[in-house]
Amino acid sequence: MAKGNGLLEGKTGVIFGALNDSSIAWKIAEAVHREGGRFILSNAPVAKRLGGLDELAEKTDAKIVWADATNDDDLASLFNEAKEAYGGVDFIVHSIGMGLNVRKNRPYENLKYEWYHKTLDISAISLHRTVHAAEETGALNDGASIVALSYIGAQRVFSKYSEMGDAKALLESIVRSYGYRLGKRGIRINAVSQSPTKTTAGSGISGFNAMFEFAERLAPLGNADSESCADYTVSLLSDLTRMVTMQTLFHDGGFSNMGISDLLVENLSEVLED
Ligand SMILES: NC(=O)c1ccc[n+]([C@@H]2O[C@H](COP(=O)([O-])OP(=O)(O)OC[C@H]3O[C@@H](n4cnc5c(N)ncnc54)[C@H](O)[C@@H]3O)[C@@H](O)[C@H]2O)c1
């Protein structure tokens, strides 16, 4: 691992969503640790039997507090523990997502609404719940920085992304709405709109490989991987970006500003034989 620069020295926080070593939050936790930040790792209690969070906690000197991010009582006890451990938190990383209809291949025109509600709650409203719990318990320090992970499906239609596009649109809206309110305390909140990344949540989307390859061939820098996403997140948690808030920041190798690339033209020309 690269040597750190002490960018997060003295800062404490909570990182949600590390499930296994392919998780974006896993790489973020390693990078935050490298930069001197201390944190609690949190994930849903059901993830206990799925992942290897103990290994990450040991590697990063972190404590694990299990909390379902759709459960306000769980979140309140988590932030009470954070307050007790550190006095308060200077950063929160929300790296949580799950599309129930997407996972079960229910098409957008025929969503099961019970699952749709759950998708929105887990993937977007949980950000609101998290920030609310952090404020309500008195754990959120003035000047803190909050980062949530998003995807360009919030702005544009990626057909297989389905209900998750709606969830990310809501997530980014919460970033703006809460950002305005948090500004009074010098607290910042931003969404990082990340390239397709090979993780458990990513591969739960049918057609993920096609989305990954398409973006890889369109983005001038290629797809951003989770390690570079972690480095970018570190910069957003640090004081270097203290005046940045309420933004959707594209971390996608340039994908979001492209139309078509020579490579895709060549690939399509081969298929079309023109
Ligand atoms: N993988 C991609 O292609 C990609 C691209 C852009 C954005 N993102 C976003 O990045 C974030 C992290 O996803 P990832 O790709 O690292 O996959 P991941 O599966 O490793 O992480 C998703 C996490 O959400 C957690 N989670 C699910 N339900 C929860 C609940 N009720 N309470 C608390 N935690 C819960 C899971 O346990 C898991 O740790 C998500 O917001 C995802 O939408 C992913």
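Reader: At what angle do the axes of helix H3 and helix H5 cross?
Author: Roughly 45°, and the axes come within 9 Å. H3 is residues 72-86 and H5 is residues 113-136. Axes here are lines fitted to C-alpha atoms, for helices over the stretch in contact, and angles run from 0 to 180 degrees between N-to-C directions. Helices (H or I, at least four residues) and strands (E, at least two) are DSSP runs, numbered from the N terminus.

Reader: What is this model, and how are residues numbered?
Author: It is a predicted model: local features need pLDDT of at least 70, side-chain atom pairs count only at pLDDT 80 or more, and totals for chains, interfaces and linings use all residues. Residues are numbered from 1 along each chain as its sequence is written.

Reader: Back to H3 and H5. Which word describes their orientation?
Author: They are oblique to each other. Angles under 35 degrees count as roughly parallel, over 145 as roughly antiparallel, 65 to 115 as roughly perpendicular and the rest as oblique.

Reader: Left-handed or right-handed crossing?
Author: H3 passes H5 in a right-handed crossing. A crossing is left-handed if the near helix is turned anticlockwise from the far one by less than a right angle, and right-handed if clockwise.

Reader: Which residues make the contact?
Author: From H3, Asp72, Leu75, Ala76 and Phe79. From H5, Arg129, Thr130, Ala133, Ala134 and Glu136. Two residues are in contact if their C-beta atoms, placed from the backbone, lie within 7 Å.

Reader: How do the residues of that contact divide?
Author: In the contact of H3 with H5, 5 are nonpolar, 1 is polar and 3 are charged. Ala, Val, Leu, Ile, Met, Phe, Trp, Tyr, Cys and Pro count as nonpolar, Asp, Glu, Lys and Arg as charged, and the others, Gly among them, as polar.

Reader: Switching to the ligand. Which residues come nearest?
Author: Ser23, Gly97, Thr199, Ala201 and Gly202, of the 27 residues around the ligand. A residue is near a molecule or strand if its C-beta atom, placed from the backbone, lies within 6 Å of it.

Reader: Which elements each supply at least two residues of that shell?
Author: Helix H1 (24-34), strand S5 (140-150) and helix H7 (200-203). H7 gives the most, with 3 residues. The shell divides into 14 nonpolar, 12 polar and 1 charged.

Reader: Why is H1 largely enclosed?
Author: Because 10 of the 11 residues of H1 are buried, the rest of the structure largely encloses it. A residue is buried if 20 or more other C-beta atoms lie within 10 Å of its own, exposed if 12 or fewer, and partly exposed in between, with C-beta atoms placed from the backbone. Among the buried ones in H1 are Lys27, His33 and Arg34.

Reader: And Trp26, buried or exposed?
Author: Trp26 counts as buried, with 27 C-beta neighbours inside 10 Å. Trp26 sits in helix H1. Not counting residues up to four places away in sequence, Trp26 touches Ala18, Asn20, Asp21 and Leu56. Trp26 and Ala230 are 204 residues apart in sequence, yet 8.7 Å apart in space, C-alpha to C-alpha.

Reader: At what angle do H1 and helix H9 pack?
Author: About 55°, with the axes 8 Å apart. That makes H1 oblique to H9. H1 passes H9 in a right-handed crossing. Ala230 is one of the H9 residues in the contact, and the contact residues divide into 8 nonpolar, 2 polar and 4 charged.

Reader: Now loops. Which phi value does Asn105 have?
Author: Near 60°, positive in a residue other than glycine. Asn105 lies in the loop between helix H4 (100-103) and H5. With 9 other C-beta atoms within 10 Å, Asn105 is exposed.

Reader: What about Met246's phi?
Author: Near 65°, also a positive value in a residue other than glycine. Met246 is in the loop between H9 and strand S7 (248-251). Met246 is partly exposed, with 17 other C-beta atoms within 10 Å.

Reader: Last one. Where is Glu163 found?
Author: In helix H6, residues 163-182. Glu163 is buried, with 22 other C-beta atoms within 10 Å. Leaving aside neighbours within four places in sequence, the contacts of Glu163 include Tyr108, Leu111 and Tyr116.
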